[in-house]
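Reader: I have a model open and want to learn how to read it. Where do we start?

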Amino acid sequence: MTRYSRVIGTGGYLPEEIRSNEQISQLVDTSDSWIFERTGIKNRRIAGPHETASSMAEIAARQAIEAAGCDAEEIDLIIVATGTPDRVYPSTGCLLQQRLGIKNCVAFDVQAACSGSIFALSIADQYIKTGAASKVLVVGSELCSRIVDWTDRGTCILFGDGAGALLLAASDEAGILSTHIHSDGQYEELLYCPNPQVATEANKDEAGFISMRGNEVFKVAVNTLGRIVDETLEANNMQQSGIDWLVPHQANTRIIAATAKKLKMSMDNVILTLENQGNTSSASVLLALNEGVRDGRIQRGQVVLLEAFGAGFTWGSALIKY
Ligand code: ACO
């Protein structure tokens, strides 16, 4: 009998503070209309001074565990995707394990920028399929507002904070049908975030902020996501019409629309959270999935395509029978 990973619960958390395009236009030379037309974003959430990746992860994770109706102690693996960990170490996964009071499980972090949740999901799926784990908690949690330069209009308009979570369990019913992950390290200069604490003499003056050549990233993202759609459909011997929902990484509506077009899919079948959340990096796909599940759009038995693209470059997809 085939052993699948099935989504048994989802959760999400967004910090209270809302920062609008109007507020950002007080900080940098931009406007609500420019931001909305070019990106689809109107508002984003900003974490409070006491919040961390692990504190937000805990709230999202508890929601997912509650939705699954299981006990936290049943979890045998925690994978947290984050580019903004509380500490260099312990991992945010271990800090989350402590917060959830789980004594006996494995926990670690995955760093694949905005593709982090897809990478984490892919790893989780392999652990479950091989029998190495039975219940895996996957979380994406990001404090993008703390690594954004609020004087750089090319990046500060885009990002927001939040956490998304899902719980996977082994099942003989179809769940994750396939995952596909890729990396290409040659694009470092187009999108990176320095770590000033470990700077060399050559880059000691760099601040720890996101640096992005947005227009160039945009073009690669559109092409790459088009290719990953083909790869996913081919691997599953499926036509575009077999997919009920697209749950994309929320970076830019124009990138998402290009992927929907490739799938010959109406935007009505795309879960969009971008307008009020911005780009929450590795949290975005999980937050969008949680929203689609909780508001009843995504139903059991439907086929859902998750995809993401981010720094590295990294990119990936997961095809799920929900
Ligand atoms: N307000 C007003 N004008 C602006 C702003 C702004 N906020 N930002 C840039 N401009 C100006 C530029 O200076 C430029 O002016 P010029 O023509 O006089 O030189 C003009 O607008 C066009 O700039 P572009 O950079 O070409 O604008 P573009 O349409 O590409 O939009 C954006 C920029 C929104 C950043 C877009 O390129 C984008 O979304 N890129 C992809 C981001 C992404 O997917 N990142 C990957 C995930 S993130 C991660 O992994 C951490």
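Author: Start with burial. Buried means under 20% relative accessible area, exposed over 50%, and partly exposed in between. Keep in mind that this model is predicted.

Reader: Is Ser91 buried or exposed?

Author: Ser91 has 17% relative accessibility, so the residue counts as buried. Ser91 sits in the loop between β4 (77-81) and α4 (92-100).

Reader: What does Ser91 touch, leaving aside its neighbours within four places in sequence?

Author: Ala107, Phe108 and Asp109. There is also a polar pairing: a polar atom of the Ser91 side chain lies 3.0 Å from the backbone nitrogen of Cys94.

Reader: Now charges. How do I read salt bridges?

Author: Side chains of opposite charge can pair when their charged atoms come close. A search of the whole structure finds 12 salt bridges. One of them joins Glu173 and Arg6, at 3.6 Å from N to O.

Reader: Which parts does the pair of Glu173 and Arg6 tie together?

Author: Glu173 is in the loop between β7 (161-171) and β8 (176-183), and Arg6 is in strand β1 (residues 4-13), so the pair ties together parts 167 residues apart in sequence. Arg6 is buried at 16%. Glu173 is partly exposed at 47%.

Reader: Which residues does a network of salt bridges join with Glu58?

Author: Arg62 and Arg99. Glu58 meets Arg62 at 3.0 Å. Both lie in helix α3 (residues 53-68), 4 residues apart, about one turn of the helix. Glu58 also pairs with Arg99, at 2.9 Å between the closest N and O atoms. That pair links helix α3 to helix α4, 41 residues apart.

Definitions and conventions
Residues are numbered from 1 along each chain as its sequence is written. This is a predicted model: local features need pLDDT of at least 70, side-chain atom pairs count only at pLDDT 80 or more; totals for chains, interfaces and linings use all residues. Side-chain values use heavy atoms; hydrogens and water are left out. Helices (H or I, at least four residues) and strands (E, at least two) are DSSP runs, numbered from the N terminus. Buried means under 20% relative accessible area, exposed over 50%, partly exposed in between (1.4 Å probe, protein chains only). A polar contact is a pair of N or O atoms within 3.5 Å; within protein, one must be able to donate a hydrogen and the other to accept it, and residues adjacent in sequence count only if both atoms are side-chain atoms. Contact means heavy atoms within 4.5 Å. A salt bridge is a side-chain nitrogen of Lys or Arg within 4 Å of a carboxyl oxygen of Asp or Glu.
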